[in-house]
Amino acid sequence: MGEKEVERRLCWRFKIPGATISYRKEGLFSSKTKTDEEFCPVLDLSRGGVRFLTQKPLKFKSRVFLQLSIPGERVPLDLRGRVRWSTFN
């Protein structure tokens, strides 16, 4: 989002330099151990979501399992979510 755009979200967004996301799409036949993509850079976070870059497109409303790695922390945070917005960069 550009610097001059109006923020319509209720929750403040913040950045954690060096944070990354590994994710896998959840489904009936998805692997419980294999990730779809690893070390995706996190652009920003808020109480309601996370924005990150991927090489593979994610479909709207698809369920995902995320592992958020924060620099200085040993164990990544395990999160479950649903894709609410996606666009090509």
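**View 1. A hairpin of two residues joins strand 2 to strand 3.** This is a predicted model, where local features need pLDDT of at least 70, side-chain atom pairs count only at pLDDT 80 or more, and totals for chains, interfaces and linings use all residues. Residues are numbered from 1 along each chain as its sequence is written, and side-chain values use heavy atoms, leaving out hydrogens and water. Strands here are DSSP runs of E, at least two residues long, numbered from the N terminus. Strand 3 covers residues 49–52. Strands 2 and 3 pair in the antiparallel sense, over four bridges. Two strands pair if DSSP finds at least two bridges between them. Val42 has Phe52 in strand 3 as its bridge partner.

**View 2. Strand 1 pairs with strand 2.** Strand 1 spans residues 20–25, and strand 2 spans residues 37–46. Their pairing is antiparallel, with three bridges. Look for Tyr23: its bridge partner in strand 2 is Glu37.

**View 3. The protein has five strands and zero helices.** A helix would be a DSSP run of H or I with at least four residues. From the N terminus, the order of elements is β-β-β-β-β.

**View 4. Of the 89 residues of the protein, 22% are buried.** Buried means under 20% relative accessible area, with a 1.4 Å probe and protein chains only. The accessible surface of the protein is about 7,700 Å² (Shrake-Rupley method, 1.4 Å probe). Carbon and sulfur atoms hold 54% of that surface.

Note on methods
Buried < 20%, exposed > 50% of the residue type's maximum accessible area, 1.4 Å probe, protein only.
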